[in-house]
Amino acid sequence: MTSKEEGAVDSVDISVPEEFALRDEVRWLKSEDLNLFGYLRETMNKIEPAYVATYPPSECGIATFTKDLSSSVAKYTPFSKPSIVAIKREHEIEPYERVVRFQIFKENKQSYLDAAKFINDSSIDVVSLQHEFGIFGGPDGEYVLDFLEALEKPAVATLHTVLQRPSPNQKRIMQEMGRLCQVMVVMVRLGREILLDTYGIDPKKATIIPHGVPNVHRVSAASVKRALGISNSRILSTFGLISRGKGIEYVIQAMPKILEKHPNVVYLVLGETHPGVRKHEGESYRNMLTDTVNRLGIEENVRFNNRFLSLNELVRYLCATDVYVTPYLSKDQIVSGTLAYALGCGKAIVSTPYLYAEEVLADGRGMLVDFESPDSIADTVNRILDEKELKEGLENSAYTYGRRAAWFNVAVDYLDLFHRVITRHHAGVAEVKGAK
Amino acid sequence: MDWLRITRERSGWLNSHRPKEYNPHMEMDLQINVRKNGTTRVIDLTGEVDAYTSARFREVMLELIEEGGQNLVINMSKVEYIDSSGLGALVGGLKRVSERKGRIVIVCDQPQVSKVFEITGLEKVFPIYGNEADALNLIGGEDK
């Protein structure tokens, strides 16, 4: 459960509510009403998913996604036990929660077979696999196939990367996953089209479920700013794990032009350097960004918060934001958790036209700017800050869209999918047994 | 017919969780209307039953049960969505009416909302009808 952080914001409650969930309600019944508890246990659907992915405290987008998804689904299944099979490097010690029941050592092939055996021998009835080539071991993460080959339970793969121009090995892996998984989930329509056209995945196996966003009700940015002590500033922000592909330097370069018209703008860069990037190049990207800020003499107008932020911190900063910017550089990016969160908070969004942004910001839900173009960013941000009606229209459209993608809706979509997959799997097993 | 309109202003929970610069036009909400039909109380819900609003819904439901409403018909035809906290509130209400040998019946014709009951298996716990007349017939409230 996410709790409000004490003292940080004293007049605005923008903690993300998770209390009163069904799971807790039923647990509460346990000691007080055994008859009703027993009745519910008998009649409510049970489903035991295992999530194979990275998991907090690992700091990456997929780990956060897995925690959000598994805890959202669990709220609807009070009598089921979710399990996490966490992927990690062999020599790293991660103080996982108890929900992590098995660990896969990323570069150890046998570990994938052991994980499959663990699941096969357990009461787990469906596997939700989060896929991104880099989180699995072997060339292009091909050990994931060893796991799926050995798995006897039905699997649903959620794809966090769908490359338009894969290497031959990446294409082979994706196609094999398509064969071995019952369903592949992508988060936007375009992702499904690529799966069908580029990889030849069976259309019946490819489905769309949006990226989840926290359940945030809107509060005025002004009230949150006051609580944060930045009442007189207009806030631009970008958050997430920082790496070169984020294109943050182009927003910084756009700042002088923005400040000419709006001298009270502050650009917040929220988040630490991606741990994987830090290992290889340290803080060189962030240093380059701060050098640019110093060179332009805009230290007061660009602030960095070099930490991995909690959900509540993120939501608080997002609520205080006037314009959220994703200036990413890779056209192929098929999902962005941070952009999804900004939609969920109903923000005016400015983004480069990578695939995910192009689709979710269509129909007036955001504004697209050219790649690597400080001028385009500055002009668009200035327009939004100048035109109140435009800003409010963007915010309303974003929020309406984001609401459909609230985690509790996405959890229902996944549960529905899990049920169908399990039913089909059992029917298939019965058919095979009948044929014998 | 006896009408009681529960407004935001009556809700202590919402007031206590409301930011000082609260703007009602910026927040989606749950409207709760209560009607009396014999010994049955019909609760009309409009909007969203989620973590922000379910405590108020539960509060209203428990108040009605305390006041002697043995059977409840919850009309969710105008509910946009219900999340697990809303389902939890219903289970809380069910516990309370069960102690009084009463029941809770749901009216719902929204596929998205029905789906939530279906995937959780709560459709077996709460009888669900597509229209209010059928729900009242089941509960026998019209004749009382």
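**Overall shape and confidence**

Author: For a chain of 436 residues, a compact globule would have a radius of gyration near 22 Å, and chain A agrees with this at 23 Å. The radius is taken over C-alpha atoms, and the globule rule is 2.2 Å times the number of residues to the power 0.38. Along its principal axes, the C-alpha trace of chain A spans about 75 × 60 × 45 Å. This is a predicted model, in which local features need pLDDT of at least 70 and side-chain atom pairs count only at pLDDT 80 or more, while totals for chains, interfaces and linings use all residues. Residues are numbered from 1 along each chain as its sequence is written, and chains are lettered from A and ligands numbered from 1 in the order in which they are written.

Reader: What mean pLDDT does chain B have?

Author: pLDDT is the predictor's confidence in each residue, from 0 to 100. Chain B has a mean of 79, with 78% of its residues at 70 or more. Chain A averages 90, and 94% of its residues score at least 70. In chain A, pLDDT stays under 50 over residues 1-10; in chain B, the stretch under 50 is residues 1-27. For the complex, the predictor gives an ipTM of 0.80 and a pTM of 0.85.

Reader: Into which domains is chain A divided?

Author: Domain bounds come from an automatic or database domain assignment. Here domain 1 of chain A comprises 45-212 + 407-435, and domain 2 comprises 221-404. Their centres, taken over C-alpha atoms, are separated by 31 Å. Contact requires C-beta atoms, placed from the backbone, to lie within 7 Å; by this criterion 18 residues of domain 1 of chain A touch 13 residues of domain 2 of chain A. On the domain 1 side, the elements giving two or more residues are α3 (61-74) and α7 (189-199) of chain A.

Reader: How do the axes of helices α8 and α12 of chain A cross?

Author: Helices (H or I, at least four residues) and strands (E, at least two) are DSSP runs, numbered from the N terminus. Axes are lines fitted to C-alpha atoms, for helices over the stretch in contact, and angles run from 0 to 180 degrees between N-to-C directions. The axes of α8 (residues 221-228) and α12 (residues 311-320) of chain A come within 7 Å and cross at roughly 120°. α8(A) is therefore oblique to α12(A): angles under 35 degrees count as roughly parallel, over 145 as roughly antiparallel, 65 to 115 as roughly perpendicular and the rest as oblique. In α8(A), A221(A), V224(A), K225(A) and L228(A) meet R316(A), C319(A) and A320(A) of α12(A).

Reader: Which residues are joined by a cis peptide bond?

Author: Most residues other than glycine have a negative phi, and most peptide bonds are trans. P56(A) and P57(A) are joined by a cis bond, with omega about 15°. P57(A) lies in the loop between β1 (49-53) and α3 of chain A. D363(A) has a positive phi, near 55°.

Technical notes. Contact = placed C-beta atoms within 7 Å.
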